[in-house]
Amino acid sequence: MNNQVTVFDHPLMQHKLAILRDENTSTKEFRELISEISMLMCYEATRDLPLQDVNIKTPMAPMVAKKIAGRKLAFVPILRAGCGMLDAMLTLVPAAKVGHIGLYRDEVTHKPVEYYNKLPGDIEERDVFVLDPMLATGGSAVDAIDIIKRSNPRSIKFLCIIAAPEGIEALSKAHPDVQIFCAAKDEKLNENCYILPGLGDAGDRIYGTDVVGEVSIDKRGSAIKLPAKAK
Ligand code: PRP
Ligand code: URA
């Protein structure tokens, strides 16, 4: 395996990913699971942040404790699906600044189309974490990182939940300096450039835009797909 890629195989991550992939998982559960997996990924992907000694006083005694050594972070979700990962990241690193890059994949060409771009003004001083649950052809990640690099950030990491081998190859080739983190490396892309086995369309499953016309509301108020026999 390319040593630029880290696949997190923690049992909690794999368990949550199995439920996330399941076609019967409701929109509400899907969003919650994206958040939980993102929080675990944030924990792992920030493992190399440098620490510095600080003098503090507990109610019992003075001591030298450790704090993160002044590294500034920025999180940049790729719209829409990347936004599903953002709140979890901010829960662990509330001081991070947030940029947004709007890209959608053209349905025919499967190439990314840019529609929005707003990055923190001081991104030159920041380590950037780009967020998107899906790395399929890699086109969106490559373009998003091209855009971010024009502003000269200190470093860039790419966090996704599922990566296709094709996407890993494209991203590693275009941006060999960018570390890739994922919870699973899947088999391949299908003829429509969707990841197999994957989880379907991440943005649609996060925002419930895939179930229009075939929904039921479960006991907790979540939209759920009607099983085939009930249609
Ligand atoms: C999905 C996904 C990635 C992109 C991955 O977004 O969230 O951004 O496709 O595909 P790629 O690696 O082949 O570029 P989509 O374009 O469907 O937009 P959405 O998030 O608004 O649903
Ligand atoms: N985008 C998705 O949301 N899912 C895929 O499998 C590929 C691209």
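Author: Residues are numbered from 1 along each chain as its sequence is written, and chains are lettered from A and ligands numbered from 1 in the order in which they are written. In this predicted model, local features need pLDDT of at least 70 and side-chain atom pairs count only at pLDDT 80 or more, while totals for chains, interfaces and linings use all residues.

Reader: What pLDDT does the chain average, and where does pLDDT stay under 50?

Author: pLDDT is the predictor's confidence in each residue, from 0 to 100. The chain averages 92, and 90% of the residues score at least 70. Over residues 227-231 pLDDT stays under 50, and the model has two contacts beyond four places in sequence for them. Where pLDDT is low, the predicted coordinates should not be read in detail.

Reader: Why is Arg-105 called partly exposed?

Author: A residue is buried if 20 or more other C-beta atoms lie within 10 Å of its own, exposed if 12 or fewer, and partly exposed in between, with C-beta atoms placed from the backbone. Arg-105 has 19 other C-beta atoms within 10 Å and is therefore partly exposed. Arg-105 lies in strand β6; strands are DSSP runs of E with at least two residues, helices are runs of H or I with at least four, and both are numbered from the N terminus.

Reader: What does Arg-105 touch, not counting residues up to four places away in sequence?

Author: Arg-105 touches His-110, Pro-112 and Ser-140, a contact being two C-beta atoms, placed from the backbone, within 7 Å. Arg-105 and Ser-140 are 35 residues apart along the chain, and their C-alpha atoms are separated by 7.4 Å.

Reader: Why is Thr-25 also called partly exposed?

Author: The count for Thr-25 is 19 other C-beta atoms within 10 Å, so the class is partly exposed. Thr-25 is placed in the loop between α1 (11-21) and α2. Beyond its neighbours within four places in sequence, its contacts are Ile-19, Leu-20 and Phe-30.

Reader: How do you know that the span of helix α2 agrees with its number of residues?

Author: The expected span is 1.5 Å times one less than the number of residues. Helix α2 (residues 27-45) has 19 residues and should therefore span 27 Å; its end C-alpha atoms are 26 Å apart, which agrees. Buried residues in α2 include Phe-30, Leu-33, Ile-34, Ile-37 and Met-41.

Reader: What makes a residue part of the shell around ligand 1, and which are the closest?

Author: A residue is near a molecule if its C-beta atom, placed from the backbone, lies within 6 Å of it. By that criterion 23 residues surround ligand 1, the closest being Ala-81, Ala-136, Thr-137, Ser-140 and Gly-203. Helix α4 gives the largest share, three residues.

Reader: How many residues of each class are in the shells around ligand 1 and ligand 2?

Author: Ala, Val, Leu, Ile, Met, Phe, Trp, Tyr, Cys and Pro count as nonpolar, Asp, Glu, Lys and Arg as charged, and the others, Gly among them, as polar. The shell around ligand 1 has 12 nonpolar, seven polar and four charged residues. For ligand 2 the shell has six nonpolar, two polar and one charged; Tyr-194, Asp-201 and Gly-203 are among its residues.

Reader: How do you know that β9 and β11 pair?

Author: Two strands pair if DSSP finds at least two bridges between them. β9 and β11 (residues 162-163) have two bridges, in the parallel sense. Leu-135 stands opposite Ala-163 in β11. The open sheet has the order β9-β11-β13, and β9 and β13 (184-185) are its edge strands, each pairing on one side only.
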